[in-house]
Amino acid sequence: TELKNFESYKDYLTEEEIKKLKSLPYKEYLKSEHWKTIREYKLIDVGHRCQICNSPNKLAVHHRCYNSLGEEFNNMHDLTVLCYKCHSRVHGKNRY
């Protein structure tokens with residue numbers, strides 16, 4: 001049901017809206033309703049688990065690259081769900 005709603009969401013976005021999303025500073029982009037929708041879809045898609053260690057705790061949805069901002073629905077494999085520890089490792093930080 002929630003995944004079906006995402007399919008209709010993809011068709012709802014206009015080119016103008018995508019352009020506006022792409023122009024946002026990254027920190028603002030992460031606060032957008034669009035990103036919240038994409039993020040939730042990805043979390044549901046992978047069962048709310050880290051795709052490296054399978055942890056269900058402190059999850060982030062990580063962009064492998066930033067070329068698809070605003071258009072992640074066309075490139076969902078660019079997104080990886082990571083727990084805090086794995087996300088820190090990906091970014092080369094030992095924050096845990």
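The model is predicted, so local features require pLDDT of at least 70 and side-chain atom pairs count only at pLDDT 80 or more, whereas totals for chains, interfaces and linings use all residues. Residues are numbered from 1 along each chain as its sequence is written, and side-chain values use heavy atoms, with hydrogens and water left out. The structure holds three salt bridges, and a search of the whole structure finds two aromatic pairs.

**Salt bridges**

- A salt bridge is a side-chain nitrogen of Lys or Arg within 4 Å of a carboxyl oxygen of Asp or Glu.
- Helices (H or I, at least four residues) and strands (E, at least two) are DSSP runs, numbered from the N terminus.
- Glutamate 71 is partly exposed at 24% relative accessibility, and lysine 22 is partly exposed at 36%. Buried means under 20% relative accessible area, exposed over 50%, and partly exposed in between (1.4 Å probe, protein chains only).
- Lysine 36 meets glutamate 33 at 3.5 Å, N to O; the two are three residues apart in helix H4, a separation of about one helical turn. Lysine 36 is partly exposed at 44%, while glutamate 33 is exposed at 57%.
- Lysine 31 bridges to glutamate 28, with 3.6 Å between the closest N and O atoms. Lysine 31 is exposed at 55%, and glutamate 28 is partly exposed at 41%.

**Aromatic and charge–ring contacts**

- Rings of Phe, Tyr and Trp (its six-membered ring) pair if their centres lie within 6.5 Å; planes under 30 degrees apart count as stacked, over 60 as edge-to-face and the rest as tilted.
- Of the two aromatic pairs, tyrosine 26 with tyrosine 66 is edge-to-face, at 5.2 Å centre to centre and 85 degrees between the planes. The pair links distant parts of the chain, as tyrosine 26 is in helix H3 (residues 26-29) and tyrosine 66 in the loop between S1 and S2, 40 residues apart.
- Tyrosine 29 and tryptophan 35 form a tilted pair, because their ring centres are 6.1 Å apart and their planes lie at 45 degrees. Both tyrosine 29 and tryptophan 35 are buried.
- The charged end of lysine 58 sits over the ring of tyrosine 84, 5.5 Å from its centre (NZ of Lys or CZ of Arg within 6 Å of the ring centre and within 35 degrees of the ring normal).

**Largest pocket**

- The largest pocket is lined by 10 residues, and Tyr26, His62, Tyr66, His87 and His91 lie nearest its centre. A pocket is an open set of points on a 1 Å grid over the protein atoms alone, where a 1.4 Å probe fits, with protein on both sides within 12 Å along at least five of seven lines; lining residues have an atom within 4 Å of a point.
- The largest share of this lining, three residues, comes from S1.

**Positive phi angles**

- Histidine 48, in the loop between helix H4 (33-45) and strand S1 (59-63), has a positive phi near 50 degrees.
- Asparagine 54, found in the loop between H4 and S1, has a positive phi of about 75 degrees although it is not a glycine.
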